[in-house]
2 protein chains.
Amino acid sequence: MQKEASTEPGADRIEKIDPRFLTTLRDHVHKALRAAILSGRFAPDERVNERQLAEQLGVSTTPIKEALRQLETEGLVETLPRRGVLIRFNAGWAEEMILARAALESMIAHLAAKRIEKAEAGKLEDTVALMRKATEDGAADDLISLNETFHEQIHIASRCQYLSRMIERQQFYDASIRRVIHSDPLERGKALAEHAAIAAAIISNDSDKAERVMRDHVVRSGETYLNIVFNKKEDI
Amino acid sequence: MQKEASTEPGADRIEKIDPRFLTTLRDHVHKALRAAILSGRFAPDERVNERQLAEQLGVSTTPIKEALRQLETEGLVETLPRRGVLIRFNAGWAEEMILARAALESMIAHLAAKRIEKAEAGKLEDTVALMRKATEDGAADDLISLNETFHEQIHIASRCQYLSRMIERQQFYDASIRRVIHSDPLERGKALAEHAAIAAAIISNDSDKAERVMRDHVVRSGETYLNIVFNKKEDI
DNA sequence: ATCTGAAATCTGGTATATCAGATCTCACAA
DNA sequence: TTGTGAGATCTGATATACCAGATTTCAGAT
């Protein structure tokens with residue numbers, strides 16, 4: 001809320017639209033393909049055809065190609081030059097993506113514990129309090145957004161922009177899966193305890209503990225995801 | 001060396017060419033731009049123009065666009081839709097890339113310590129022995145390739161393909177910088193000691209120690225890089 | 001002097017045509 | 001029957017034209 005009426009009339013009444021909110025076709029294609037791959041709608045090693053995709057999605061091959069390049073860099077597809085594009089995703093890959101996220105999130109937690117400021121610590125505590133309430137109420141949708149807030153606050157406290165972006169790429173729980181996960185009271189309880197432990201460690205500047213607890217949390221909740229998406233085990 | 005003379009005559013005399021060795025224009029563009037950015041030939045936040053790049057490199061805009069999408073996913077450039085492409089790299093970014101690599105390599109080291117097999121352990125020991133010799137001889141070029149071998153052997157022992165690829169994207173020491181680093185006898189000595197410690201921890205299946213030592217090694221050698229490329233400190 | 005807005009211009013986004021490597025098909029020769 | 005290879009075909013790679021949002025320029029109005 002800066003007062004800059006002289007240079008930007010009305011700047012205090014309506015904020016500038018962040019250019020990043022504008023979207024492109026390739027962005028839609030990227031998100032759509034990504035979601036399709038991560039939810040298992042492509043078989044591992046399945047070939048995808050650029051022209052065919054373009055037709056299915058009703059666009060030209062240009063945005064398709066660009067989206068595929070992004071997915072390639074993310075490690076979700078592999079391009080064999082002049083031969084074809086293959087889907088590169090299966091249970092093992094998902095497991096490794098979870099490990100990557102665990103490694104990066106725990107690094108962030110470590111730094112957040114060292115760098116967090118008092119005001120930020122207060123907000124983090126508030127978030128945990130809200131999570132506690134939502135957990136008791138069984139408010140799954142609230143938990144989903146609080147979860148995002150929680151991790152985002154830690155990212156901000158860590159002062160790591162690059163690492164934050166890297167982590168976004170390892171994020172493959174989409175809303176529907178999250179809802180399934182959070183609908184289980186036992187899972188909700190575990191998650192709450194872990195979040196509380198992470199927050200406590202960060203707030204008390206115990207970077208080693210924050211790192212450890214965060215890693216365990218990401219791995220454990222990742223395994224929950226694996227069980228749901230890949231039906232790895234059918235026990236209770 | 002499989003004997004499949006019946007289906008593939010001569011298969012035991014000459015091996016198949018790996019399709020990944022074939023290259024494309026976009027790949028050249030990607031590597032060229034990446035190297036240029038990481039070595040500081042673009043200013044932070046500098047705008048780059050697709051058509052201009054295409055003209056400079058003597059190609060059309062298509063491979064340029066695809067290479068830029070890859071760099072965008074890597075976090076080295078940022079695209080503002082319909083506005084422009086910006087370079088996103090500076091000392092802080094490089095620092096975070098080092099942290100990302102440290103987090104991922106230490107995760108890999110942890111798993112390698114748990115999963116390494118006897119034959120692999122022997123090879124790793126051999127590599128360290130060669131490194132010791134090269135360090136004493138001051139053979140910088142040998143050290144550079146041995147370094148690659150060393151980390152690659154650990155990646156293989158960890159059975160993590162996805163993580164290995166992720167790490168490749170955090171690799172920004174090009175050959176010329178490595179040569180500068182390895183030309184310093186003090187640095188060579190430190191690196192040797194660290195490599196030996198990493199190998200020992202992995203071979204003795206001490207996963208926690210492997211993780212810790214690997215992380216310290218990546219961070220410390222990364223700082224050496226930062227000092228060279230960004231001239232962060234001028235002391236001795 | 002300052003503000004307004006239409007037009008020129010810049011830049012990425014998208015569609016399309018064409019190129020070229022990789023595969024497949026199949027007639028035909030050994 | 002089997003192997004060969006020319007030609008058809010599939011698919012990604014590249015070049016190019018054009019579209020549309022964003023920005024700048026600048027004449028004209030206040």
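**View 1. Salt bridges between chain A and chain B.** Between chain A and chain B the count is six salt bridges, a salt bridge being a side-chain nitrogen of Lys or Arg within 4 Å of a carboxyl oxygen of Asp or Glu. In this predicted model, local features need pLDDT of at least 70 and side-chain atom pairs count only at pLDDT 80 or more, whereas totals for chains, interfaces and linings use all residues. Residues are numbered from 1 along each chain as its sequence is written, chains are lettered from A in the order in which they are written, and side-chain values use heavy atoms, with hydrogens and water left out. Glu211(B) forms a salt bridge with Arg215(A), in which the closest N and O atoms are 2.8 Å apart.

**View 2. The area buried between chain A and chain B.** The contact (heavy atoms within 4.5 Å) takes 42 residues from chain A and 43 residues from chain B. About 3900 Å² is buried between the two chains, with carbon and sulfur atoms giving 60% of this area; buried area is the accessible area (1.4 Å probe) that two parts lose on being put together, summed over both. Of the area that chain A buries against chain B, Thr73(A), Glu96(A) and Tyr162(A) supply 18%, more than any other three residues.

**View 3. Packing of helices H6(B) and H8(B).** The axes of helix H6 (residues 140–158) and helix H8 (residues 175–182) of chain B come within 9 Å and cross at roughly 115°; axes are lines fitted to C-alpha atoms, for helices over the stretch in contact, and angles run from 0 to 180 degrees between N-to-C directions. Helices (H or I, at least four residues) are DSSP runs, numbered from the N terminus. Ala140(B), Asp141(B), Leu143(B), Ile144(B) and Asn147(B) in H6(B) meet Ala175(B), Arg178(B), Arg179(B) and His182(B) in H8(B).

**View 4. A salt bridge within chain A.** The side chains of Glu66(A) and Arg26(A) meet in a salt bridge at 3.3 Å, N to O. This pair links distant parts of the chain, with Glu66(A) in helix H3 and Arg26(A) in helix H1 (residues 25–38), 40 residues apart. Over all chains, the structure holds 34 salt bridges.

Key:
Helix = DSSP H or I, 4+ residues; strand = E, 2+ residues; numbered from the N terminus.
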